Amino acid sequence: MVTWTDFERATIQDIFSKIDYDIVGPDALSRCLIVYPWTQRYFGSFGNLYNAAAIASNPKVAAHGKVVLGGLEKALKNMDDIKQAYADLSVLHSEKLQVDPDNFKLLADCLTIVVASQLGKDFTPEVHAAFAKFLAVVVAALRKQYH
Amino acid sequence: MLSKKEKQLIREIWERLTPVAEDIGADALLRMFASYPGTKTYFSHLDIGPGSAHLSSHGKKIVLAIAEGAKDISQLTVTLAPLQTLHAYQLRIDPTNFKLLSHCLLVTLACYMGEGFTPEAHAAIDKFLSAFSAVLAEKYR
């Protein structure tokens, strides 16, 4: 069971209320595909991922980035039992999508960096740590159903 | 693998960070201590609270060393030789921690540079810091 301090709960809600989902989702996913090109292996049907410019302007990447960020809403709304809330998503990623779970951390790192560049000075070390903890819990929940 | 363009981009960015090395370094260290508390165990001999003189001077040292490496990436093994010895025989910091600090440096840069921290810059610096970390750990065994 994860325990959240009041500061962490408030901070995480605050971050999500401040970021623009339509920008952050696509940005984080395209950054992941650019910075860690091997992650492109899961997106063979997305068309042109040949270089950074192509990835950044690829409409399928953008659409999927929004889907992923939307998925984080589920964790936001179920902070006291993210493991349970993500059980089906975990099965999906392990059995259907067959994604190496190490990749979840890569995307989480890219998301942290995109949020940092959006919030600038407001993304203090304490805020950053709360967000990192939240993403770590999400990643652990997504890894849970891999057998 | 770093292209010529990436090496130049890295050089330019770290040159711009040199005058604010203290701020960048202290910020990255604070982030690392907050997100990865195990890293604090290496600093029991220093005062690493926010705003402390130790934090600033230590952060500055780290950022300036990275900036020095950035000036000629092909010579990293030569440039880092003394630091390799220091880390292997005296500091003996577990190299997994280099990844943690590298990530925190990227977050600091994202906060500092905002939109200027483009995916290209992010990729180039991430690769550079991985190479830097690998060279730093070379004498460990």
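## Two helical chains in a predicted model

A:Gln98 sits in the loop of chain A that lies between helix 6 (87-96) and helix 7 (102-119). The model is predicted, and in it the phi angle of A:Gln98 is near 50°, a positive value in a residue other than glycine. Most residues other than glycine have a negative phi. The relative accessibility of A:Gln98 is 53%, and because exposed means over 50%, this residue counts as exposed.

B:Arg92, a residue other than glycine, has a phi near 45°, and its place is in the loop between helix 5 (81-91) and helix 6 of chain B. With a relative accessible area of 57%, B:Arg92 is exposed.

What lies inside a helix of chain B can be illustrated with B:Thr108, which is found in helix 6 (residues 96-113). Is B:Thr108 buried or exposed? Its relative accessible area is 3%, and because buried means under 20%, B:Thr108 counts as buried. When residues up to four places away in sequence are not counted, B:Thr108 touches B:Ile24, B:Asp27, B:Ala28 and B:Arg31.

Chain A has eight helices and zero strands, so that, read from the N terminus on, its elements run α-α-α-α-α-α-α-α. Chain B, for its part, has seven helices and zero strands, and its elements run α-α-α-α-α-α-α from the N terminus on. The radius of gyration of chain B is 14 Å, close to the 14 Å that the globule rule gives for 141 residues, so chain B is as compact as a globular protein of that length. For chain A, a compact globule of 147 residues would have a radius of gyration near 15 Å, and the value of 15 Å found for chain A agrees with this.

The table sets some values for the chains side by side.

| Property | Chain | Value |
|---|---|---|
| Span of the C-alpha trace along the principal axes | Chain A | about 45 × 40 × 20 Å |
| Box of the C-alpha atoms along the principal axes | Chain B | roughly 40 × 35 × 25 Å |
| Buried residues | Chain A | 48% of the 147 residues |
| Buried residues | Chain B | 47% of the 141 residues |
| Accessible surface | Chain A | about 7,500 Å², 55% from carbon and sulfur atoms |
| Accessible surface | Chain B | about 7,300 Å², 57% from carbon and sulfur atoms |

In chain B, among contacts between residues at least 6 apart in sequence, 78% join residues at least 24 apart.

In chain A, the mean positions of the 15 positive and 16 negative charges are 4 Å apart, while chain B has 15 positive and 14 negative side chains, with the centres of the two sets lying 6 Å apart.

Note on methods. Residues numbered from 1 in each chain as written. Chains lettered and ligands numbered in written order. Predicted model: local features only at pLDDT ≥ 70, side-chain atom pairs only at ≥ 80, totals over all residues. Heavy atoms only, no water. Helix = DSSP H or I, 4+ residues; strand = E, 2+ residues; numbered from the N terminus. Rg over C-alpha atoms; globule rule 2.2 N^0.38 Å. Buried < 20%, exposed > 50% of the residue type's maximum accessible area, 1.4 Å probe, protein only. Areas by Shrake-Rupley, 256 points an atom, 1.4 Å probe, with all protein chains shown as cover. Lys, Arg positive; Asp, Glu negative; His and termini not counted. Charge placed at Lys NZ, Arg CZ, Asp CG, Glu CD. Contact = heavy atoms within 4.5 Å.
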